[in-house]
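Here's a quick briefing on some local features worth a look before you set anything up. Have the viewer open as you read.

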Amino acid sequence: MKLGDWLDERTGYRAIVRKLVEATVPGGARFAYAWGAALGFVLVLVAVTGVLMMTVYSPSATTAWASVSYLQQKVPGGWVVRGLHQFGAQAAIVLGVIHVGYAIVRGAYRKPREVTYWLSLALVGVIVVAALTGNPLRWDQRGFWGLRVETGIIGTVPVVGGVLQQLLLGGGTPGHMTLSRLYTLHTVVLPLLLGGIAAKHVWLSRKHGPALAKPADAVKSDRYFPTQAARDVIVALGALGVIVALTWMKHGAPLDAPADPTSDYPARPEWYFLALYEMRKPFPGKLELIATVVIPGLVAGYLFVLPLLDKKADRGVMKRLPLLVPVGLFGLAAGVLTFASMRTDAADAAFGKAVAKAEAQGAKSLVLAAEGVPPEGALAMLRNHPETRRVALFEQHCASCHRMGDLGPPQGKDTAPDLTGFGTKAWAKRVMEEPDHDTLFGKTPFKGEMPSMTKPPADPEAAAAFTAMKPEDLEAITDFLAAQAQGKKGEGMPGEKLVSQRCTSCHRLDGKTDDEDTLGPELRGWASVPWILAQIDDPGSGAAYPKGAMDPKLEGHMPAFKEKLSEKDRRLLAAFVQEQAGK
Amino acid sequence: MQNDLGVEPPRADRPDEPSRVDGGRRGALKVLCALGGAAYAGAIVVPAVKMLAPSSEGGAGAARWMRVCRLADLTEGEPRRVVVVGDERDAYTVTRDQLLGSIWLTKKGEGVTALSAVCPHLGCSIDLNADKKSFFCPCHTSRFSLAGAAEAGPSPRDMDPLTVRVVEGNVEVDFKLFRQGIAERKEVG
Ligand code: FES
């Protein structure tokens, strides 16, 4: 006996195959019917790539990001799988909406297909929830802040909100338990639900057949295979083409810097939620519930009751127009709001800057992660790495007064010298020319302490006695100072002698000064790492500025950081500032 | 075709035979279905295979020099067990200063030889016999000479030698692990 016969006797598979192959499409095959099939194809793609990612992904707050970055960067083809999964999911949302939209326009939800239609609504809903539970699994900034906002919205829902939020997060704040729960939802609960709904939906669709476009079509019919199947395959391949193209263009799916609850991340939802995000804006305070819960609830409710409202004899689109207009308005409003949201952000320079910063942070994280992530997790890796840590330290401890490159207080709010280019010849020259400029010492307690070497003082009597420093002397002194910033002693340089003659009435050189009561800082080693470190440790130590600089009368002067920061951090900062001298 | 309720009349019998026959196109459509289906499946299977296939790279081959002890700590001709401490890379996690394994060191004049303490049979930890004249594995009683040659028991090969160098009085070992249970000596990444 042939193997096929043997198997058929026991399973009856031939009858099933025949049934599939010989199935007919009443009314004839159409491309319009292919959207649902393409959705099925795409869901298979998403399911398989999802299982593949499960072979690498590790759901915990310390490993999730690291495992995804490993998948993206190290696992061969990992980024392709990520891309197919993410863009596949987004394509599924689009195909689902088209599929449902077509059913609504054609009136395919009418008796006897109400349940078929409801199942398709539920299908789209579950796909969206799956996307929402999938995004935070990366545990990057975007996913994390999205989760924060979404669970926050859930928390505001009256009565059940609090409990629901707790259930989702597995506690009060996002962490290990949150990831375990989202992972379980995303990989077990939702796929089972989706599969069940999809199976029942397909079964009912076959049972009732497609809603006929024209009554005359009732006498027509085509074989499902290959007439309709070919159309299904073509649309599915089109969707696949888009998914692959996006995957290629974006090199997989995005991965921001590791989730950091203390950061200020410019959080925006995924594109399919921008409309809801925008709609929330005009509703302040408690009224927010209207945008986050009431309106979406009403829209979903309307779509749900549509088959119960639409009972007129005629199924022509024109006759059902009053019922369809609200649906059209929902679609239009969603489009307009999405567009408005994108335009607001595109026009917002500050937002653009924040996004660029976040992207740079993300790129840096990936570079660091390629070397391996410590067991404390990716966030610790990022925080403890000198290059990121020193920026964070500067932002936290220095940037409220000092500016340095991109870092610093809001424009015009500087209250201490601008450190951009600190230690360069140009910087030294500027101080000698206009020490009291607003971006130098003009807003510090030292204002008026140092005279300009090139401009006469305001007082007419003093101005009469003023002679500007010769350009070649200025040149020699700034050469000497720039050498100090590079850590050279500069002994025997022409500027050294000039400094000892012309500057030490207020400044110190090797600790020597004409007047101990003056406040000019030490110029030997000025702007070198030890000098800056001494200044950070204690601005009144004498190693940089003399003791008098810490006089409480000099209100607003730089504080000492010796007790506030670890030595490692202080050294990191000193080296960071000194790097300006090389710019 | 519509009744009072605007509902199509029930189709009692689904037509078994299509009313339209595509004729010559039918074959072409079948081919299209097959090719299209194959292309779609390929888009899933190719990345899947690429991702799951064992990768050749995995750190094998590259030298990993680890400082294990001082030359002065060793006694001439007497094997001594030392632990190897180093950075452990487990996929994406790198943990500093982990116990990576142990090795047997024997000093011979100015040189040192090193043998992996992992039994080539099934990976138990090889110990020194009380008489200090041979090594043995407690799991399935493999016995090895002090030079590492398999003398008795199920071990498929000799103990695995490791490359050693002495730098400024410190013994450094190129630490490697090998596949177990086979006669060939194959490094695992
Ligand atoms: S493991 Fe050593 S003899 Fe079997």
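A:E434 counts as partly exposed, at 26% relative accessibility (buried means under 20% relative accessible area, exposed over 50%, and partly exposed in between, with a 1.4 Å probe and protein chains only). This is a predicted model, where local features need pLDDT of at least 70, side-chain atom pairs count only at pLDDT 80 or more, and totals for chains, interfaces and linings use all residues. Residues are numbered from 1 along each chain as its sequence is written, chains are lettered from A and ligands numbered from 1 in the order in which they are written, and side-chain values use heavy atoms, leaving out hydrogens and water.

**Salt bridges**

- Searching the whole structure turns up 35 salt bridges over all chains (a side-chain nitrogen of Lys or Arg within 4 Å of a carboxyl oxygen of Asp or Glu).
- A:E434 pairs up with A:R430, with 3.5 Å between the closest N and O atoms; A:R430 is partly exposed too, at 29% relative accessibility.
- A:R138 and A:D140 bridge at 3.2 Å, N to O. A:R138 is buried at 7% relative accessible area, and A:D140 is buried at 0%.
- Over in chain B, the closest N and O atoms of B:D174 and B:K176 sit 2.9 Å apart in a salt bridge, and both residues are buried.
- A salt-bridge network links A:D5, A:D8 and A:R14.

**The chain B hairpin**

- Strands β10 (residues 164-167) and β11 (residues 170-174) of chain B run antiparallel, joined by four bridges. Strands pair if DSSP finds at least two bridges between them; helices (H or I, at least four residues) and strands (E, at least two) are DSSP runs, numbered from the N terminus.
- Across the pair, B:R165 stands opposite B:E172 in β11(B).
- The two strands make a hairpin with two residues between them. In that turn, B:E168 has a positive phi of about 50°, although it is not a glycine.
- B:E168 is exposed, with 71% relative accessible area.

**Backbone in chain A**

- The peptide bond between A:K111 and A:P112 is cis, with omega about 5°. You'll find A:P112 in the loop between α5 (78-106) and α6 (114-134) of chain A.
- There's also a cis bond from A:F225 to A:P226, omega near 0°. A:P226 lies in helix α10 (residues 224-249) of chain A.
- A:H251, a residue other than glycine, has a positive phi near 45°. A:H251 sits in the loop between α10 and α11 (274-280) of chain A, partly exposed at 40% relative accessible area.
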